[in-house]
Every structure is written in structure tokens, then in C-alpha cells.
Amino acid sequence: QVQLVESGGGLVQAGGSLRLSCAASGRTISRYTVGWFRQFPGKEREFVATMNWSGGNSDYADSVKGRFTISRDNAKNTVYLQMNSLKPEDTAVYYCATKELPYFGRNFFRRESDYAYWGQGTQITVSS
């Protein structure tokens, strides 16, 4: 059974930084696309960032481009999201996710339905 566990969330002042971690168990994630999403209160989850299986390619939502960086350490079976220059509007619950099947192509996956396994989420609160 695949499990993803996020950590690193918390309260930070505007302009600050946080690094989220997503530890996977039940599968080796080295062959799988991974993604980060976030959810605002009363809203659907929205795409934040995604990275291909090797870590060689990544894609970001326009709202976080240049401020957030997704990375992965396949040896540790862990995915990261480095968040810099945080803004109050980044306040949300952040989720990591991985696809059901391996994918070695060039497409990026931005839809929630593209991902099969999800973590429980971690709260990020950015104060002004």
C-alpha cells in the first residue's frame, strides 16, 4: 500500500521560507511523476508543482513560479517543496501526490485526477 506523509508545515511570516517534505512508503517512487497541490478553504485542490521521474524536468503554477522549487531524492524516497518569499495568499493545506503508473514521457501533469496517491496534507499559514 502506497503511503505519502508530508511534513514541514507551520506558521511563517510573509517573506519567509519553508521546506515541505513528502516521504513515500509502499513503493519506490523513482519511476513515478510526483506533484504538489494546495487547497484553500472551500476550494478545490489546485496544482502547485510537478516533477518527472528522474528529476530532470519540472513545471510550476504561475502563482509560485520563481518562488517555489520542487525536488526529489529518489534514494531517500522523498519529494520536497522549497517555498521562498512566502505570501499570505500561499496560506493553504499542501498535499503531495504520485501517479498510479510509471511515466517516462515529456508531458507534465497538472490535474488532480492525474494522480492516484495522496498524502494527508500539511497546513501552511503565512502571516502578514
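Throughout these legends, a residue is called buried when its relative accessible area is under 20%, exposed when it is over 50%, and partly exposed in between, as computed with a 1.4 Å probe on protein chains only. The model shown is predicted, so that local features need pLDDT of at least 70 and side-chain atom pairs count only at pLDDT 80 or more, while totals for chains, interfaces and linings use all residues. Residues are numbered from 1 along each chain as its sequence is written, and side-chain values use heavy atoms, with hydrogens and water left out.

**View 1. The salt bridge between aspartate 90 and arginine 38.** Both aspartate 90 and arginine 38 are buried, and their side chains meet in a salt bridge with an N to O distance of 2.9 Å; a salt bridge here is a side-chain nitrogen of Lys or Arg within 4 Å of a carboxyl oxygen of Asp or Glu. The pair links distant parts of the chain, with aspartate 90 in the loop between β8 and β9 and arginine 38 in strand β4, 52 residues apart. Strands (E, at least two residues) and helices (H or I, at least four) are DSSP runs, numbered from the N terminus.

**View 2. The surroundings of arginine 38.** Arginine 38 has a relative accessible area of 3% and is therefore buried. Its side chain is joined to that of serine 63 by a polar contact of 3.3 Å, and to that of tyrosine 94 by a polar contact of 2.9 Å. A polar contact is a pair of N or O atoms within 3.5 Å, where, within protein, one atom must be able to donate a hydrogen and the other to accept it, and where residues adjacent in sequence count only if both atoms are side-chain atoms. When neighbours within four places in sequence are left aside, the residues in contact with arginine 38 include Glu44, Glu46, Val48, Phe68, Glu89 and Val93, contact meaning heavy atoms within 4.5 Å.

**View 3. Two further salt bridges, one from aspartate 59 and one from lysine 65.** The structure holds seven salt bridges. In one of them, aspartate 59 pairs with arginine 110, the closest N and O atoms being 2.6 Å apart. Aspartate 59 lies in strand β6 (residues 58-60) and arginine 110 in the loop between β9 and β10 (117-118), so this pair ties together parts that are 51 residues apart in sequence. Aspartate 59 counts as buried at 14% relative accessibility, whereas arginine 110 counts as partly exposed at 39%. Lysine 65 forms a salt bridge with aspartate 62, with 3.3 Å between the closest N and O atoms; lysine 65 is partly exposed, at a relative accessible area of 48%, and aspartate 62 is exposed, at 66%. Elsewhere, salt bridges that share partners join Arg38, Glu46, Arg67 and Asp90 into one network.

**View 4. The disulfide between cysteine 22 and cysteine 96.** A search of the whole structure finds one disulfide, a term that stands for a pair of cysteine sulfur atoms within 2.5 Å. The sulfur atoms of cysteine 22 and cysteine 96 are 2.0 Å apart, and the torsion about their S-S bond is about 60°, so the disulfide is right-handed. This pair, too, links distant parts of the chain, with cysteine 22 in strand β3 and cysteine 96 in strand β9, 74 residues apart. Both cysteine 22 and cysteine 96 are buried.

**View 5. The largest nonpolar core and two of its members, valine 48 and isoleucine 70.** A nonpolar core is a set of buried Ala, Val, Leu, Ile, Met, Phe, Trp, Tyr and Cys residues joined through side-chain atoms within 4.5 Å. Of the 31 residues in the largest one, Trp36, Val48, Phe68, Ile70, Leu81, Met83 and Tyr94 touch the most other members. Strands that each supply at least two residues of this core include β3 (18-25), β4 (34-39), β5 (45-51) and β7 (68-73). Valine 48, placed in strand β5, is buried with a relative accessible area of 0%. Not counting residues up to four places away in sequence, valine 48 touches residues including Trp36, Tyr60, Phe68, Leu81 and Tyr94, and isoleucine 70, on the same terms, touches residues including Val34, Trp36, Met51, Val79 and Leu81.
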